[in-house]
Amino acid sequence: DMSLSKLRALVPYHLSQLRAYSSAKRVPLFINGQFLQSQTQEWIPVHNPATQEVLSLVPQTTPAELQQAAEAAQKAFESWRKTSVVTRQTAMFKLQQLVKREMDRIAANITEELGKTAADAKGDVLRGLQVVEHACSIPTLQMGELCEGVATDMDTYSIRQPLGVVAGICPFNFPAMIPLWMFPLMIATGNTAIIKPSERDPGAMMILAELANEAGIPPGVLNIVHGGKSAVDFICDTPIVKAISFVGSDKVGKYIYERATATGKRVQSNMGAKNHGVIMADANKNATLNSLVGAAFGAAGQRCMALSTAIFVGEAQEWIPELVERAKKLKVSCGRQSDSDVGPLCTPEAKERVESLIQSGIDEGATVILDGRGCRPNGFEDGNFVAPTILTNVTASMKCYKEEIFGPVLLCINVPTLDDALHVINSNPYGNGTAIFTNSGPVARKFQSEVDAGQVGINVPIPVPLPMFSFTGSRGSIRGDLNFYGKTGVQFYTQIKTITALWRADDAKDVKATVNMPT
Ligand code: NAD
């Protein structure tokens, strides 16, 4: 006889889940200004990471739909590239107003799909909004250069023209900020865009698409496709796409960089990180300890600029017990709870990975002085929670040090001198960000000059630059040579063309041509 449990075993998931799946809303594609239901048979569930509730289903976009998106963008480029730069600026001003208006709605979606606390989710939107605001200066940002009189009656000037169709592939951890690092500058420079948000939390990008529509950005200028590897492979391979912006993990970033540059595309890949904070004993103690706790455990450590390793120089290590006390004060709970400081990790697999990396540290000789494993906040027992965890006596050979943990885990290393700290940081393959806490100018200056990381904080724990600068990861944290946003962001999305023009009223007197290289 066929019992219910046997029946359940026959289907890939439980019946209650099956019910949740069949009633879950399906995330549409956004192609040529239309929200469309995908015809795919493959749907990826989006879960609330605090409860496991199924929130929506994301389509694995079909090859025909991917092609449709690419062709829509290609068609729209013909007219979008001819719009005046002031028209595109106006679109950015409108988008800015709308993102501000819908800030709370986007943030609430981030809390639902990713679990960030309300304030942190708002920060996610705000840091993206700043790029829209920067893109409002596009007439100045996209200016070329001119040199008058390179020869008699001859001038040389450069112009920056859009590339065509460009694409963005996004990670899960900043579902508003990272798409906003990409599409505003893509389209403000006159390109048309295809964005693939993370399949784990596409909701914020879907709201942004609605707002782009409302801002009057024409059909086909911004398109959204969904899914995982097959959508990414299409973007890498299609000759329609001219450039790709990627943010995400190492493995995928390198893969996309190789696959897409092989077809002649421009690629910028921002990847993983292991960021070190150096604590000097002369630093302001309260500010430093608060900074370390905020930067290690905020967003549950799921920031590429999280400070995941603290290097205590000399006597500074005496502050570790107080660091633990402060970390213990953080409330771990669903991001929707108003007093929550640390939300859940993105998936059950991420929780498992983080917990196993903690165990590997202990197995290799580290000491766990604050253990956040097995955390089950009241009312959210099924969530992917790990509470703040601190490991001391960590060494560079341990797996937990070598791998990016991407969870609320702070590793502590003690060294005698600043030179030793610099040696640890500069020997690590990653080079995203770092920070030093000190009151000594000479120490800070030596650090800024000798440390090999792209973004350096001096008494600033998460030095993510505002968009008048660029996001400048270095070494293993980046592939490609033009950074995201700022001046280099505009350079990435434009092709430079240099024109040399001769305007002379009188015709030449010679009747024989000269064949020498013009000098
Ligand atoms: P991920 O690499 O798993 O996913 C990123 C994107 O790649 C997603 O859109 C996903 O659909 C796609 N993808 C996943 N697997 C793929 C495959 N096998 N082939 C092709 N495409 C694939 O990254 P994530 O887990 O979403 O994001 C976390 C990572 O992002 C961390 O390593 C973090 O450090 C990094 N990150 C870096 C920065 C930065 O600026 N350096 C910023 C934010 C996040």
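Tutor: Let's start with a cut-off: buried means under 20% relative accessible area, exposed means over 50%, and partly exposed is in between. Keep in mind that this is a predicted model.

Student: Okay, why is asparagine 393 called partly exposed?

Tutor: Its relative accessibility is 47%. You'll find asparagine 393 in the loop between strand 16 and helix 15 (399-402), and its phi is positive, near 55°, in a residue other than glycine.

Student: And what makes arginine 475 partly exposed?

Tutor: Arginine 475 comes in at 25%. Arginine 475 sits in strand 21 and has a positive phi of about 45°, though it is not a glycine.

Student: How do you know that leucine 466 can belong to a surface patch?

Tutor: Patch residues need over 30% relative accessible area. Leucine 466 has 37%, so it passes that cut-off. With Met468 and Phe469, Leu466 makes a nonpolar patch of about 320 Å². Leucine 466 is in the loop between strand 20 (455-458) and strand 21 (474-475).

Student: What makes strand 14 and strand 17 a pair?

Tutor: Pairing takes at least two bridges. Strand 14 (residues 307-313) and strand 17 (residues 409-415) are joined by five, so they pair, and they run parallel. Valine 313, for one, has valine 415 as its bridge partner.

Student: Why are strand 15 and strand 20 called edge strands?

Tutor: The open sheet has seven strands in the order 15-16-17-14-13-19-20, with mixed pairing. Strand 15 (367-370) and strand 20 each pair on one side only.

Definitions and conventions
Residues numbered from 1 in each chain as written. Predicted model: local features only at pLDDT ≥ 70, side-chain atom pairs only at ≥ 80, totals over all residues. Heavy atoms only, no water. Patch = residues over 30% accessible without salt bridge, like charges linked within 9 Å, V, L, I, M, F, W, Y side chains within 5 Å. Areas by Shrake-Rupley, 256 points an atom, 1.4 Å probe, with all protein chains shown as cover. Salt bridge = Lys/Arg side-chain N within 4 Å of Asp/Glu carboxyl O. Helix = DSSP H or I, 4+ residues; strand = E, 2+ residues; numbered from the N terminus. Buried < 20%, exposed > 50% of the residue type's maximum accessible area, 1.4 Å probe, protein only.
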